[in-house]
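Hi everyone, thanks for coming. I'd like to walk you through one model today, so please have a look at the screen.

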Amino acid sequence: MTSKEFVELFYHEKTDYFKSCFDENAGTLISQKIKELNLSAEQKEALKEIVDGVLTDTYYTILLGGDGSANIGGRQISYKIYDEEENLLTGFGEIGAEAWKFFQNDENDFLSY
């Protein structure tokens, strides 16, 4: 696995989780709570932007923290993350670079889902 593939898995996880939050048929606690709010279309779009921002910041920070480029719980430490084939994925700044591409690039906007 490459650093790009690792980050892409996180990005897809974020995307899938985001979609499940607003899918009334998902049956998740979050989707039920959002449905119960009975929001207008405008309010729902505003909530989507908020949830997207929270998820983006969270996943991005975790990825950068794992690469030693950001604090996790107030501590900035370099971690070593290996895949199952013993390929080192962290420590070279590649996760941070790939995380920027996936999580901070406006081209990856999925709010219309």
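What you see is a predicted model, where local features need pLDDT of at least 70 and side-chain atom pairs count only at pLDDT 80 or more, while totals for chains, interfaces and linings use all residues. Residues are numbered from 1 along each chain as its sequence is written, and side-chain values use heavy atoms, with hydrogens and water left out.

Let's begin with the core. By nonpolar core I mean a set of buried Ala, Val, Leu, Ile, Met, Phe, Trp, Tyr and Cys residues joined through side-chain atoms within 4.5 Å. Buried is under 20% relative accessible area, exposed is over 50%, and partly exposed is in between, with a 1.4 Å probe and protein chains only. The largest nonpolar core has 19 residues, and those touching the most other members are V7, F22, L63, I95, A99 and F103. Two or more residues each come from α1 (3–22), α3 (41–66) and α4 (94–103). Helices here are DSSP runs of H or I, at least four residues, and strands are runs of E, at least two, numbered from the N terminus.

Now two of those core members. A99 sits in helix α4 and is buried, at a relative accessible area of 0%. Setting aside residues up to four places away in sequence, A99 touches V7, Y60, L63 and Q104. I95, leaving aside neighbours within four places, contacts S3, F6, V7, L63, D67, L89 and T90.

Which helices do the buried residues of α3 pack against? They pack against α1 and α4. Among these buried residues are V51, L55, Y59, Y60, L63 and L64.

After α3 comes G68, with a positive phi near 85 degrees. D67 is in the loop between α3 and α4, and here is a curious one: D67 is buried yet has no salt bridge, with K80, the nearest side chain of opposite charge, 12 Å away. For charge, Lys and Arg count as positive and Asp and Glu as negative, with His and the chain ends not counted. Leaving aside neighbours within four places in sequence, D67 contacts T90, G91, F92, G93, E94, I95 and G96.

Another joins K48 and E45, at 3.6 Å between the closest N and O atoms. The two are three residues apart in helix α3, about one helical turn. K48 counts as buried at 8% relative accessibility, whereas E45 is partly exposed at 37%.

The remaining pair is K101 with E98, 3.4 Å from N to O, again three residues apart, in helix α4. K101 is partly exposed at 44%, and E98 is buried at 12%.

Thanks, and I'm happy to take questions!

Definitions and conventions
Contact means heavy atoms within 4.5 Å. A salt bridge is a side-chain nitrogen of Lys or Arg within 4 Å of a carboxyl oxygen of Asp or Glu.
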